[in-house]
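Please look over the structure shown here before using the notes that follow, which move from the overall layout to single residues.

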Amino acid sequence: MDVFSSVGPVCPICGTTGCYREITPYERNAIELFPEFRKERVPIARALCRRTGKTFSLLPIQLIPYHQYTVDAVIRTLEERIGR
């Protein structure tokens, strides 16, 4: 994933144009429950704000921040629990 094409020229951390740069991505677990259990490693794009030294990541649309389960897995589990 190209960070610049997703975020644009303005750093989302400090608001300065052209401040951030892409850094090495990391991998994260993604757990899917439906239609069957599947666990896979997903690459996560990252960038560094040169001004503050903080990093930010671009999560794929199916992932929830700080969770390994996909959005679909969470929603379908909730639907099953409340009887929809």
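Helices (H or I, at least four residues) and strands (E, at least two residues) are taken here as DSSP runs, numbered from the N terminus. On that basis the protein chain has two helices and three strands, and from the N terminus on its elements follow the order α-β-β-β-α. The radius of gyration of the protein chain is 16 Å, well over the 12 Å that the globule rule gives for 84 residues, so the chain is more spread out than a compact globule; this radius is taken over C-alpha atoms, and the rule is 2.2 Å times the number of residues to the power 0.38.

The model is a predicted one, in which local features need pLDDT of at least 70 and side-chain atom pairs count only at pLDDT 80 or more, whereas totals for chains, interfaces and linings use all residues. Residues are numbered from 1 along each chain as its sequence is written, and side-chain values use heavy atoms, with hydrogens and water left out.

**Whole chain**
- Along its principal axes, the C-alpha trace of the protein chain spans about 50 × 25 × 20 Å.
- Buried residues, meaning those under 20% relative accessible area with a 1.4 Å probe and protein chains only, make up 29% of the 84 residues.
- Of the contacts (heavy atoms within 4.5 Å) with a separation of 6 or more, 49% come from residues 24 or more positions apart.
- The protein chain carries 12 positive and 9 negative side chains, and the centres of the two sets lie 11 Å apart; Lys and Arg count as positive and Asp and Glu as negative, while His and the chain ends are not counted, and each charge is placed at NZ of Lys, CZ of Arg, CG of Asp or CD of Glu.

- Tyr20 belongs to strand E1 (residues 20-32) and is buried, with a relative accessible area of 9%; its C-alpha atom is separated by 9.6 Å from that of Val3, 17 residues apart along the chain.
- Pro35 sits in the loop between E1 and strand E2 (38-49), and the peptide bond from Phe34 to Pro35 is cis, with omega near 5°.
- Ala45, in strand E2, is buried with a relative accessible area of 10%, and its C-alpha atom is separated by 18 Å from that of Tyr69, 24 residues apart along the chain.

**Helix H2 and the residue after it**
- Helix H2 (residues 71-82) has twelve residues and reaches 17 Å from its first C-alpha to its last, close to the 16 Å expected at 1.5 Å a residue, where the expected span is 1.5 Å times one less than the number of residues.
- Just after H2, Gly83 adopts a positive phi of about 80°.

Note on methods: Buried < 20%, exposed > 50% of the residue type's maximum accessible area, 1.4 Å probe, protein only.
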